[in-house]
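Q: Can you walk me through this one? Keep it quick.

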Amino acid sequence: MSTPANSACDVVVIGSSNMDMVVRCAELPLPGQTILGDNFVMNPGGKGANQAYASAKLGAKTQLVARVG
């Protein structure tokens, strides 16, 4: 999915890139309630990252422009 900056590309996506942190729990907490979760996963995401991934997956030379940090 990575293309050198000086080469031509078909699609340039300007958008967000982030890490989703997801905790699974048995039920939704009530307002003010603290509950324990039983599974924690981190998934890459963000609207821009998802669009760039889909574009590259379809065969387009794709670059993502995003600010990290």
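A: Helices (H or I, at least four residues) and strands (E, at least two) are DSSP runs, numbered from the N terminus. The chain has 1 helix and 4 strands. This is a predicted model: local features need pLDDT of at least 70, side-chain atom pairs count only at pLDDT 80 or more, and totals for chains, interfaces and linings use all residues. Residues are numbered from 1 along each chain as its sequence is written, and side-chain values use heavy atoms, leaving out hydrogens and water.

Q: In what order do the elements run?

A: From the N terminus on, β-β-β-α-β.

Q: Which residues of helix 1 are buried?

A: Gly48, Ala49, Ala52 and Ser55, in a helix spanning residues 47–57. Buried means under 20% relative accessible area, exposed over 50%, partly exposed in between (1.4 Å probe, protein chains only). Those buried residues line one face of helix 1, because they fall within an arc of 130 degrees seen down its axis. The arc is taken from the directions from the helix axis to the C-beta atoms.

Q: What covers them?

A: The cover includes strand 1 (11–14), strand 3 (39–45) and strand 4 (62–65). Contact means heavy atoms within 4.5 Å.

Q: And what sits on the face turned away?

A: Lys47 and Lys57, both exposed.

Q: New topic. How many salt bridges?

A: The count is 1, taking a side-chain nitrogen of Lys or Arg within 4 Å of a carboxyl oxygen of Asp or Glu. Aspartate 38 pairs with arginine 24, with the closest N and O atoms 3.1 Å apart. Aspartate 38 lies in the loop between strand 2 (18–24) and strand 3, and arginine 24 in strand 2, so the pair ties together parts 14 residues apart in sequence.

Q: Are those two buried or exposed?

A: Aspartate 38 and arginine 24 are both exposed.
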